[in-house]
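Here's a structure to look at together, with a few questions about the words we use for it. Take a moment with the picture, then read on.

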Amino acid sequence: MLSELTANAVADAETRRADRPLAEVEAAALARPAAIDALAVLAPAERVKVIAEIKRSSPSRGALASIDDAAALARTYEIGGASAISVLTEGRKFGGSLADLESVRAAVSLPVLRKDFIATPYQVFEARAAGADLVLLIVAALDDATLGELHGLITQLGMTPLVETHSADELERAAQLGARLIGVNARDLTTFELDRDLFGRLADRFPEGAIRVAESAVLSAADVAHYRAAGADAVLVGEALVTGDPIANLSAFLAV
Ligand SMILES: O=P(O)(O)OC[C@@H](O)[C@@H](O)c1c[nH]c2ccccc12
(Lines give C-alpha, C1' and ligand atoms only; values in the text may rest on other atoms or scores of the structure.)
Protein backbone atom coordinates (compact mmCIF):
# COMPACT_ATOMS: atom_id res chain seq x y z
CA MET A 1 0.00 0.00 0.00
CA LEU A 2 2.78 2.46 0.87
CA SER A 3 4.54 1.88 -2.44
CA GLU A 4 1.25 2.35 -4.29
CA LEU A 5 0.48 5.58 -2.41
CA THR A 6 3.97 6.84 -3.22
CA ALA A 7 3.82 5.80 -6.88
CA ASN A 8 0.46 7.57 -7.26
CA ALA A 9 1.70 10.74 -5.56
CA VAL A 10 4.74 10.82 -7.85
CA ALA A 11 2.55 10.19 -10.91
CA ASP A 12 0.23 13.05 -9.90
CA ALA A 13 3.23 15.35 -9.44
CA GLU A 14 4.45 14.37 -12.92
CA THR A 15 1.05 15.34 -14.31
CA ARG A 16 1.27 18.76 -12.62
CA ARG A 17 4.80 19.13 -13.94
CA ALA A 18 3.51 18.94 -17.51
CA ASP A 19 1.69 22.25 -16.82
CA ARG A 20 4.22 23.76 -14.47
CA PRO A 21 7.81 22.79 -15.24
CA LEU A 22 10.44 22.39 -12.53
CA ALA A 23 12.15 25.70 -13.34
CA GLU A 24 8.90 27.56 -12.71
CA VAL A 25 8.19 25.83 -9.40
CA GLU A 26 11.80 26.31 -8.34
CA ALA A 27 11.56 30.05 -9.03
CA ALA A 28 8.30 30.25 -7.05
CA ALA A 29 9.93 28.34 -4.18
CA LEU A 30 12.88 30.71 -4.07
CA ALA A 31 10.59 33.77 -4.23
CA ARG A 32 8.76 32.79 -1.02
CA PRO A 33 9.60 34.54 2.24
CA ALA A 34 11.94 32.41 4.38
CA ALA A 35 10.43 29.34 6.01
CA ILE A 36 9.63 29.40 9.73
CA ASP A 37 12.19 27.59 11.89
CA ALA A 38 10.07 24.62 12.95
CA LEU A 39 12.87 23.14 15.08
CA ALA A 40 12.72 26.23 17.30
CA VAL A 41 8.92 26.15 17.47
CA LEU A 42 8.76 22.44 18.28
CA ALA A 43 11.73 22.36 20.68
CA PRO A 44 11.19 20.28 23.83
CA ALA A 45 9.37 22.25 26.51
CA GLU A 46 7.58 21.79 29.80
CA ARG A 47 4.32 21.06 28.00
CA VAL A 48 3.66 18.71 25.13
CA LYS A 49 3.21 20.39 21.74
CA VAL A 50 0.52 19.54 19.23
CA ILE A 51 0.92 19.36 15.46
CA ALA A 52 -2.70 19.63 14.31
CA GLU A 53 -3.61 17.94 11.04
CA ILE A 54 -6.09 18.82 8.30
CA LYS A 55 -7.27 15.57 6.73
CA ARG A 56 -10.57 14.80 5.00
CA SER A 57 -10.22 11.05 4.63
CA SER A 58 -7.67 8.27 4.72
CA PRO A 59 -7.33 4.81 3.22
CA SER A 60 -7.49 3.22 6.67
CA ARG A 61 -10.34 5.28 8.14
CA GLY A 62 -12.37 6.29 5.06
CA ALA A 63 -14.23 9.62 5.03
CA LEU A 64 -13.59 11.64 8.20
CA ALA A 65 -14.77 15.20 7.63
CA SER A 66 -15.85 17.37 4.70
CA ILE A 67 -13.72 20.50 5.55
CA ASP A 68 -14.83 23.13 3.04
CA ASP A 69 -12.45 25.75 4.37
CA ALA A 70 -9.02 24.43 5.32
CA ALA A 71 -7.80 27.94 6.20
CA ALA A 72 -10.62 28.45 8.71
CA LEU A 73 -9.85 25.12 10.38
CA ALA A 74 -6.15 26.03 10.54
CA ARG A 75 -7.02 29.33 12.24
CA THR A 76 -9.13 27.42 14.75
CA TYR A 77 -6.16 25.16 15.45
CA GLU A 78 -3.93 28.19 15.92
CA ILE A 79 -6.38 29.81 18.32
CA GLY A 80 -6.67 26.49 20.14
CA GLY A 81 -2.94 26.43 20.85
CA ALA A 82 -1.48 24.13 18.19
CA SER A 83 2.25 24.64 17.56
CA ALA A 84 2.20 23.63 13.89
CA ILE A 85 -0.31 22.64 11.22
CA SER A 86 -0.05 19.48 9.13
CA VAL A 87 -1.85 19.62 5.79
CA LEU A 88 -2.47 16.45 3.81
CA THR A 89 -1.85 17.39 0.18
CA GLU A 90 -2.42 13.90 -1.26
CA GLY A 91 -5.60 14.01 -3.34
CA ARG A 92 -6.66 10.47 -4.20
CA LYS A 93 -7.00 8.84 -0.78
CA PHE A 94 -6.77 11.77 1.63
CA GLY A 95 -8.78 14.40 -0.26
CA GLY A 96 -6.10 17.07 0.11
CA SER A 97 -4.35 19.45 -2.28
CA LEU A 98 -1.54 21.96 -2.56
CA ALA A 99 -4.26 24.63 -2.73
CA ASP A 100 -5.19 23.66 0.85
CA LEU A 101 -1.58 24.12 1.89
CA GLU A 102 -1.38 27.53 0.25
CA SER A 103 -4.58 28.78 1.84
CA VAL A 104 -3.49 27.50 5.27
CA ARG A 105 -0.10 29.20 4.85
CA ALA A 106 -1.83 32.50 4.18
CA ALA A 107 -4.14 32.11 7.18
CA VAL A 108 -1.79 31.28 10.07
CA SER A 109 1.62 32.27 11.40
CA LEU A 110 2.49 28.76 12.59
CA PRO A 111 4.83 26.42 10.73
CA VAL A 112 2.99 24.33 8.13
CA LEU A 113 3.87 20.74 7.18
CA ARG A 114 3.34 19.29 3.72
CA LYS A 115 2.01 15.81 4.55
CA ASP A 116 2.29 13.67 1.45
CA PHE A 117 4.18 10.81 -0.12
CA ILE A 118 7.27 12.71 -1.15
CA ALA A 119 9.81 10.93 -3.33
CA THR A 120 11.08 13.51 -5.83
CA PRO A 121 12.77 16.93 -5.72
CA TYR A 122 9.85 18.36 -7.72
CA GLN A 123 7.47 17.63 -4.82
CA VAL A 124 9.87 19.35 -2.41
CA PHE A 125 10.00 22.48 -4.57
CA GLU A 126 6.20 22.38 -4.82
CA ALA A 127 6.01 22.30 -1.02
CA ARG A 128 8.16 25.42 -0.63
CA ALA A 129 6.39 27.18 -3.51
CA ALA A 130 3.09 26.61 -1.66
CA GLY A 131 4.62 28.03 1.54
CA ALA A 132 5.46 24.87 3.50
CA ASP A 133 7.93 25.11 6.38
CA LEU A 134 8.16 21.36 6.93
CA VAL A 135 8.08 18.37 4.59
CA LEU A 136 7.32 14.78 5.57
CA LEU A 137 9.78 12.07 4.56
CA ILE A 138 8.63 8.49 5.18
CA VAL A 139 11.70 6.32 5.69
CA ALA A 140 9.87 3.11 4.69
CA ALA A 141 9.02 4.60 1.29
CA LEU A 142 12.54 5.70 0.30
CA ASP A 143 15.97 4.17 -0.26
CA ASP A 144 18.90 5.74 1.60
CA ALA A 145 20.19 7.65 -1.43
CA THR A 146 16.81 9.27 -2.13
CA LEU A 147 16.24 9.91 1.56
CA GLY A 148 19.60 11.68 1.80
CA GLU A 149 19.02 13.70 -1.36
CA LEU A 150 15.54 14.88 -0.30
CA HIS A 151 16.58 15.54 3.30
CA GLY A 152 19.41 17.70 1.98
CA LEU A 153 17.20 19.58 -0.46
CA ILE A 154 14.51 20.32 2.14
CA THR A 155 17.17 21.64 4.53
CA GLN A 156 18.86 23.64 1.80
CA LEU A 157 15.55 25.36 1.02
CA GLY A 158 15.36 26.43 4.68
CA MET A 159 12.62 23.95 5.56
CA THR A 160 12.63 21.21 8.19
CA PRO A 161 12.23 17.55 7.27
CA LEU A 162 9.94 15.53 9.55
CA VAL A 163 11.38 12.05 9.19
CA GLU A 164 8.78 9.38 9.84
CA THR A 165 9.72 5.93 11.12
CA HIS A 166 7.96 2.75 12.17
CA SER A 167 10.74 0.46 13.46
CA ALA A 168 14.12 0.46 15.22
CA ASP A 169 15.81 -0.08 11.87
CA GLU A 170 14.06 2.94 10.31
CA LEU A 171 14.90 5.05 13.36
CA GLU A 172 18.55 4.10 12.87
CA ARG A 173 18.32 5.17 9.20
CA ALA A 174 16.81 8.49 10.33
CA ALA A 175 19.66 8.93 12.80
CA GLN A 176 22.27 8.21 10.09
CA LEU A 177 20.67 10.94 8.03
CA GLY A 178 21.24 13.48 10.80
CA ALA A 179 17.49 14.04 11.19
CA ARG A 180 16.64 16.57 13.93
CA LEU A 181 12.86 16.05 13.89
CA ILE A 182 11.78 12.42 13.95
CA GLY A 183 8.33 10.90 14.16
CA VAL A 184 7.22 7.42 15.06
CA ASN A 185 3.96 6.58 13.32
CA ALA A 186 1.81 4.21 15.38
CA ARG A 187 0.16 3.18 12.13
CA ASP A 188 2.00 0.78 9.83
CA LEU A 189 1.45 2.30 6.40
CA THR A 190 1.83 -1.05 4.65
CA THR A 191 -0.80 -2.94 6.73
CA PHE A 192 -2.59 0.03 8.43
CA GLU A 193 -2.28 -1.77 11.76
CA LEU A 194 -1.99 0.40 14.85
CA ASP A 195 0.59 -0.05 17.59
CA ARG A 196 0.25 2.63 20.26
CA ASP A 197 3.18 1.20 22.23
CA LEU A 198 5.68 1.39 19.38
CA PHE A 199 6.69 4.97 20.29
CA GLY A 200 7.46 3.90 23.86
CA ARG A 201 9.57 0.97 22.70
CA LEU A 202 11.61 3.19 20.38
CA ALA A 203 11.82 6.34 22.54
CA ASP A 204 15.29 5.68 23.94
CA ARG A 205 16.74 4.92 20.48
CA PHE A 206 16.22 8.46 19.17
CA PRO A 207 19.51 10.24 18.42
CA GLU A 208 20.68 12.70 21.07
CA GLY A 209 19.00 16.07 20.70
CA ALA A 210 16.36 15.03 18.16
CA ILE A 211 12.80 16.25 18.70
CA ARG A 212 10.53 13.26 19.28
CA VAL A 213 7.10 13.22 17.66
CA ALA A 214 4.44 10.59 18.32
CA GLU A 215 2.14 10.27 15.30
CA SER A 216 -1.36 8.83 14.94
CA ALA A 217 -4.04 7.30 17.13
CA VAL A 218 -4.35 10.18 19.60
CA LEU A 219 -8.06 10.26 20.38
CA SER A 220 -8.07 11.38 24.01
CA ALA A 221 -6.03 13.26 26.59
CA ALA A 222 -5.12 9.84 28.02
CA ASP A 223 -3.47 8.95 24.69
CA VAL A 224 -1.47 12.19 24.82
CA ALA A 225 -0.47 11.42 28.42
CA HIS A 226 0.60 7.92 27.32
CA TYR A 227 2.93 9.32 24.63
CA ARG A 228 4.15 12.14 26.86
CA ALA A 229 5.08 9.68 29.62
CA ALA A 230 7.03 7.70 27.01
CA GLY A 231 9.03 10.82 26.08
CA ALA A 232 7.16 12.53 23.23
CA ASP A 233 7.99 16.22 22.76
CA ALA A 234 5.07 16.60 20.36
CA VAL A 235 2.07 14.64 19.15
CA LEU A 236 0.66 14.75 15.63
CA VAL A 237 -3.14 14.56 15.72
CA GLY A 238 -5.58 14.30 12.83
CA GLU A 239 -8.77 12.33 13.29
CA ALA A 240 -9.62 13.56 16.81
CA LEU A 241 -9.42 17.18 15.65
CA VAL A 242 -11.27 16.89 12.33
CA THR A 243 -14.08 14.73 13.72
CA GLY A 244 -14.41 16.23 17.21
CA ASP A 245 -14.50 19.74 18.69
CA PRO A 246 -11.00 21.01 17.83
CA ILE A 247 -10.85 23.73 20.48
CA ALA A 248 -12.07 21.47 23.30
CA ASN A 249 -9.79 18.64 22.23
CA LEU A 250 -6.73 20.85 21.84
CA SER A 251 -7.28 22.37 25.24
CA ALA A 252 -7.61 18.91 26.81
CA PHE A 253 -4.51 17.62 24.98
CA LEU A 254 -2.43 20.67 25.89
CA ALA A 255 -3.39 20.37 29.56
CA VAL A 256 -1.62 16.99 29.83
O1 LIG B 1 -5.60 10.81 12.27
P2 LIG B 1 -4.58 10.38 13.27
O3 LIG B 1 -4.71 8.95 13.69
O4 LIG B 1 -4.55 11.33 14.45
O5 LIG B 1 -3.14 10.44 12.57
C6 LIG B 1 -2.55 11.66 12.14
C7 LIG B 1 -1.28 11.36 11.35
O8 LIG B 1 -0.33 10.80 12.21
C9 LIG B 1 -1.55 10.45 10.14
O10 LIG B 1 -2.45 11.13 9.31
C11 LIG B 1 -0.28 10.11 9.35
C12 LIG B 1 0.92 9.81 9.87
N13 LIG B 1 1.83 9.56 8.91
C14 LIG B 1 1.23 9.71 7.72
C15 LIG B 1 1.77 9.61 6.43
C16 LIG B 1 0.93 9.88 5.37
C17 LIG B 1 -0.40 10.21 5.56
C18 LIG B 1 -0.94 10.31 6.84
C19 LIG B 1 -0.12 10.08 7.93
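Q: What surrounds the ligand in this predicted model?
A: There are 14 residues around the ligand, and the closest are Glu215, Ser216, Leu236, Gly238 and Glu239. Two elements give two or more residues to that shell, namely β10 (234-237) and α11 (239-243).

Q: What makes Ser216 buried or exposed?
A: Count the other C-beta atoms within 10 Å of its own: Ser216 has 27. The cut-off for buried is 20 or more, so with 27 Ser216 is called buried. You'll find this residue in the loop between β9 (211-215) and α10 (221-229). Ser216 also has a positive phi of about 80°, although it isn't a glycine.

Q: Why is Ile67 called partly exposed?
A: Ile67 has 16 other C-beta atoms within 10 Å. Buried needs 20 or more and exposed needs 12 or fewer, with partly exposed in between, so 16 makes Ile67 partly exposed. Ile67 sits in the loop between β3 (62-63) and α4. Its phi is positive too, at about 45°, and Ile67 is not a glycine.

Q: What about Thr120, and why is it called partly exposed?
A: Thr120 has 19 other C-beta atoms within 10 Å.

Q: Why does Asp143 count as exposed?
A: Asp143 has 11 C-beta neighbours inside 10 Å. Exposed means 12 or fewer, so Asp143 gets that word. Asp143 lies in the loop between β6 (134-138) and α7 (144-156). From Asp143 to Ala7 it's 136 residues in sequence and 14 Å in space, C-alpha to C-alpha.

Q: How do you know how α4 and α12 pack?
A: Two packed helices are described by the angle between their axes and the distance between the axes. Helix α4 (residues 70-80) and helix α12 (residues 246-254) pack at an angle of about 35°, with their axes 9 Å apart. The crossing of α4 past α12 is right-handed.

Q: Which residues of α4 and α12 meet?
A: From α4 come Thr76, Tyr77 and Gly80, and they meet Pro246, Ile247, Leu250 and Ser251 in α12. By class, this contact has 4 nonpolar, 3 polar and no charged residues.

Q: How do you know whether the radius of gyration of the chain agrees with a compact globule?
A: For 256 residues, a compact globule would come out near 18 Å. The chain has 17 Å, which agrees. Its C-alpha atoms fill a box of roughly 45 × 40 × 35 Å along the principal axes.

Q: What else can be said of the whole chain?
A: The secondary structure comes to 12 helices and 10 strands. Buried residues make up 47% of the 256 residues. Of the contacts with a separation of 6 or more, 68% are between residues 24 or more positions apart.

Definitions and conventions:
Residues numbered from 1 in each chain as written. Predicted model: local features only at pLDDT ≥ 70, side-chain atom pairs only at ≥ 80, totals over all residues. Near = placed C-beta within 6 Å. Helix = DSSP H or I, 4+ residues; strand = E, 2+ residues; numbered from the N terminus. Rg over C-alpha atoms; globule rule 2.2 N^0.38 Å. Contact = placed C-beta atoms within 7 Å. Axes fitted to C-alpha atoms, helices over the stretch in contact; angles between N-to-C directions. Left-handed = near helix turned anticlockwise from the far one by under 90°. Nonpolar A, V, L, I, M, F, W, Y, C, P; charged D, E, K, R; others polar.
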